[in-house]
Amino acid sequence: MAITTTKSAYWAGFRDGAPFMLVAGPFAVLFGVLATEAGLNLFEVMSFSLVVIAGAAQFTAMQLMQENAPTVIVLISALAVNLRVAMYSAAITPYLGAAPLWKRAFMAYLLVDQSYALSHAKFETEPELSVPARAAYYFGTCTLVMITWFVCSYLGAALGTQLPSNLPLDFALPITFLSMVAPLLRTLPHVIAAVVAIIVALLAVNVPYSLGLIIAGSAGMAAGALSETYLTRKALT
Amino acid sequence: MIDKSTLWTVIILLGVGSFALRFSFLGLVGDRPMPAWLVRSLRYTAVAILPAMIAPLIAFSNEAGTGPDPSRLAAALMTLIVGAATKNVILALFTGASTLGIGLYFFG
């Protein structure tokens with residue numbers, strides 16, 4: 001159905017975003033629980049989730065802080081995990097770049113996997129949408145996901161102190177990250193990037209200052225990019 | 001225990017940094033094209049860094065920290081297999097957690 005007003009565009013985004021509550025919810029609860037287990041109080045957990053709004057980066061920062069990594073390493077690693085949002089930012093700019101600056105600032109704050117994925121697909125299939133309608137759709141996709149993110153972070157933090165102490169929470173992070181990564185292994189270069197990163201991470205496990213993660217991540221990214229270049233060239237010849 | 005001043009430094013700077021990443025192109029670059037090598041590398045950030053982070057946690061997950069704990073290794077493999085096969089994040093998450101729960105219940 002074609003979207004005629006900005007109001008209907010907002011509600012279309014709102015509806016399309018609803019299923020993603022099921023994805024954001026569990027991760028937010030888990031973050032609240034793990035952060036509370038690590039000694040953060042409710043205010044600190046909520047500030048973390050409100051200021052950063054990035055599941056994987058938040059988990060990474062928590063893990064490295066618990067390993068007593070230097071602050072600068074914590075920041076570089078967590079931001080590296082979050083680099084993909086820069087790619088999202090680039091991808092939606094042709095569609096939303098004409099919006100007023102204050103609106104773009106809000107959009108940037110709310111730019112997450114879900115708002116990017118839904119909006120980019122929508123803008124591609126309906127190029128006739130006006131810029132205000134696109135912005136309204138975008139904010140619609142964010143609404144329920146963000147509410148879920150904050151409420152479930154709160155629930156996790158509140159729950160954290162009351163969980164039985166024999167739960168294997170040490171392994172919550174590996175399972176969380178594997179479940180996020182496995183569906184992304186769509187092409188051979190993606191698999192190569194992951195395998196190289198894992199091998200280098202295991203070899204570099206004794207490198208000081210938790211630098212092993214940055215070395216392994218860079219090696220994996222380079223391996224992915226290089227194998228993509230190689231495979232594309234091979235397909236052309 | 002995480003030092004409070006470290007925690008707040010990380011929360012604030014990570015917030016500022018994440019916002020900068022999100023705002024970068026939307027706010028500053030506009031619709032000018034980006035170098036191809038940069039776009040290509042950005043595509044592989046998640047699949048490189050997330051596995052690199054957890055590989056040692058899985059490989060040295062037994063109590064002595066010398067090798068993998070069988071239940072944890074099985075849970076990791078099940079998460080990976082179900083996630084790759086179904087592309088369903090939540091199904092993968094729950095499969096992994098259940099495998100770990102069952103493994104620890106029967107084998108300690």
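Read along the sequence, chain A of this predicted model follows the pattern α-α-α-α-α-α-α-α-α-α-α-α. The C-alpha trace of chain A spans about 60 × 55 × 30 Å along its principal axes. Chain A has 237 residues, of which 52% count as buried. Among the contacts in chain A with a separation of 6 or more, 75% are accounted for by residues 24 or more positions apart.

The helices of chain A can next be placed against its domains. Chain A is divided into domain 1, residues 6-165, and domain 2, residues 185-237. Between the C-alpha centres of these two domains of chain A there are 26 Å. Where the two domains touch, domain 1 of chain A contributes eight residues and domain 2 of chain A contributes six residues. On the domain 1 side of this contact, helix α5 of chain A (residues 71-81) gives the largest share, with four residues. By residue class, the side of domain 1 of chain A that touches domain 2 of chain A divides into six nonpolar residues, one polar and one charged.

Chain B also has a two-part domain assignment: domain 1 covers residues 1-30 and domain 2 covers residues 49-108. The C-alpha centres of domain 1 of chain B and domain 2 of chain B lie 30 Å apart.

That leaves the contact between the chains. How many residues does the contact take from chain B and from chain A? Chain B gives 63 residues and chain A gives 75 residues. On the side of chain B that touches chain A, the elements that give two or more residues are α1 (4-29), α2 (36-42), α3 (45-59), α4 (70-86) and α5 (89-107) of chain B. Which of these gives the largest share of that side? The largest share comes from α1(B), with 20 residues. The composition of the side of chain B that touches chain A is 43 nonpolar residues, 14 polar and six charged.

Technical notes: Residues are numbered from 1 along each chain as its sequence is written. Chains are lettered from A and ligands numbered from 1 in the order in which they are written. This is a predicted model: local features need pLDDT of at least 70, side-chain atom pairs count only at pLDDT 80 or more; totals for chains, interfaces and linings use all residues. Two residues are in contact if their C-beta atoms, placed from the backbone, lie within 7 Å. Ala, Val, Leu, Ile, Met, Phe, Trp, Tyr, Cys and Pro count as nonpolar, Asp, Glu, Lys and Arg as charged, and the others, Gly among them, as polar. Domain bounds come from an automatic or database domain assignment. A residue is buried if 20 or more other C-beta atoms lie within 10 Å of its own, exposed if 12 or fewer, and partly exposed in between; C-beta atoms are placed from the backbone.
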